[in-house]
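Here are a few notes on helix packing and one of the pockets, written while going through the model. Have a look and see whether you read it the same way.

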Amino acid sequence: MLKLAEELKQHSLSRFHLLYGEERYMVDYYRKSITKELSAPDDEMNCTTFQGEAATPQAIDDVGQILPFMVPQRLIVVKDSGLFDKSSDMSEVLEHFPETTYVVFAERKVDKRNKLYKWISKNGCVTECQAQTEPMLKNWIAGYLKKQDKVISVAATEHLIERVGTSMEILNNELDKVIGYVGERRKVEVEDIDCICSGLTVSRIFDMMDAVAGKERERALSLYAELIANREQPMSILYLFSRHINILIQLKELSGMGLNRSEIAKKIGIPPFTIPKYSAQANQFRRSKLLSMLEQRADCEADFKRGKIDGQLAVELFLIQTLTE
């Protein structure tokens, strides 16, 4: 991340970039920063985007060989191609691109043993966007609000993270709501967080997981219906379930290793003050049950991406499956 930040600062970017990691906000931030640096807004002639299965080596090659028109470089942006999780001849394709062609990959899954990953590591710039630590998140929140001439107390910051979680994308959305809510008032209080951040919150996911542990089907589906009524996106809900389950699994594994609260929090990437609450819930589940839930979530997401079911039904099926085991 430091290498890319320096390249952006110096306005001297590598021709090939790979952005990946669990912090999607930072992946998108750097993708947009590179695009802004290398391409004019709405320049579809010299900037091409590929996504998903459409991002084949042949399709990318066809565009990459074209020289730019009336600008110094051509930019290709590739999103979620899966090329770093399977075998392909993409590295051979990149080797033969003209020097005026720049390529940015923004991926979810990356295998560091992958040939393409190794090639870009050697010939370009690889940036892993990891989940931010609690101190970094607090500084980022304060800085984000400062740009809008707002200040926030430590207590309000911690309350925000506890309710919303550590995803910068979700935090960004909630901060925008808070800024609009407080209006001309400069200081953001705990009460403001409670008033605005009532939609997709970690506390709601906690409640739904408690309902799953107690096999309370009606309660789980009712909580989900409330989130949908608040116009939360089903796939965002499914993502938070995945994140939450992974936290519980890691807590189970780390709790028996003699680590203190701060060490566990650092390894998992959650605030230390949330550890007791997560631990209490983790004790309600067997590890095998949590792993099964992750598989079910992945299956529901796959059916959604293939167009077999819509997003809302995908989450409903996930909840029903976890409640009927």
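1. A word on terms before the first pair: an axis here is a line fitted to C-alpha atoms, for helices over the stretch in contact, and angles run from 0 to 180 degrees between N-to-C directions. Keep in mind that this is a predicted model.

2. Start with helix H11 (residues 217-229) and helix H16 (residues 311-324): their axes come within 10 Å and cross at roughly 160 degrees. Angles over 145 degrees count as roughly antiparallel, so H11 is roughly antiparallel to H16. As for handedness, H11 passes H16 in a right-handed crossing.

3. Who touches whom in that pair? On the H11 side you'll find Arg-217, Ala-220, Leu-221, Tyr-224 and Ile-228, and they meet Gly-311, Gln-312, Val-315, Glu-316, Leu-319, Ile-320 and Leu-323 of H16. By type, the residues of this contact of H11 with H16 split into eight nonpolar, two polar and two charged.

4. Next, H2 and helix H8 (residues 168-182), which pack with their axes 6 Å apart, at an angle of about 80 degrees. Angles of 65 to 115 degrees count as roughly perpendicular, and H2 and H8 are therefore roughly perpendicular to each other. H2 brings Arg-24, Tyr-25 and Met-26 to the contact, while H8 brings Met-168, Glu-169 and Asn-172. That makes three nonpolar residues, one polar and two charged in the contact of H2 with H8.

5. Now the second largest pocket, with a volume of about 290 Å³. Twelve residues line it, and the closest to its centre are Tyr-25, Met-26, Tyr-29, Trp-140 and Met-168.

6. Helix H2 (24-38) and helix H6 (134-146) each supply at least two residues of the lining. Overall, the lining of the second largest pocket divides into eight nonpolar residues, three polar and one charged.

Key
Residues are numbered from 1 along each chain as its sequence is written. This is a predicted model: local features need pLDDT of at least 70, side-chain atom pairs count only at pLDDT 80 or more; totals for chains, interfaces and linings use all residues. Side-chain values use heavy atoms; hydrogens and water are left out. Helices (H or I, at least four residues) and strands (E, at least two) are DSSP runs, numbered from the N terminus. Angles under 35 degrees count as roughly parallel, over 145 as roughly antiparallel, 65 to 115 as roughly perpendicular and the rest as oblique. A crossing is left-handed if the near helix is turned anticlockwise from the far one by less than a right angle, and right-handed if clockwise. Contact means heavy atoms within 4.5 Å. Ala, Val, Leu, Ile, Met, Phe, Trp, Tyr, Cys and Pro count as nonpolar, Asp, Glu, Lys and Arg as charged, and the others, Gly among them, as polar. On a 1 Å grid over the protein atoms alone, a cavity is a set of points where a 1.4 Å probe fits but cannot get out, and a pocket is an open set with protein on both sides within 12 Å along at least five of seven lines; lining residues have an atom within 4 Å of a point. Grid points are joined across faces, edges and corners, and a volume is the space filled by probe spheres set on the points.
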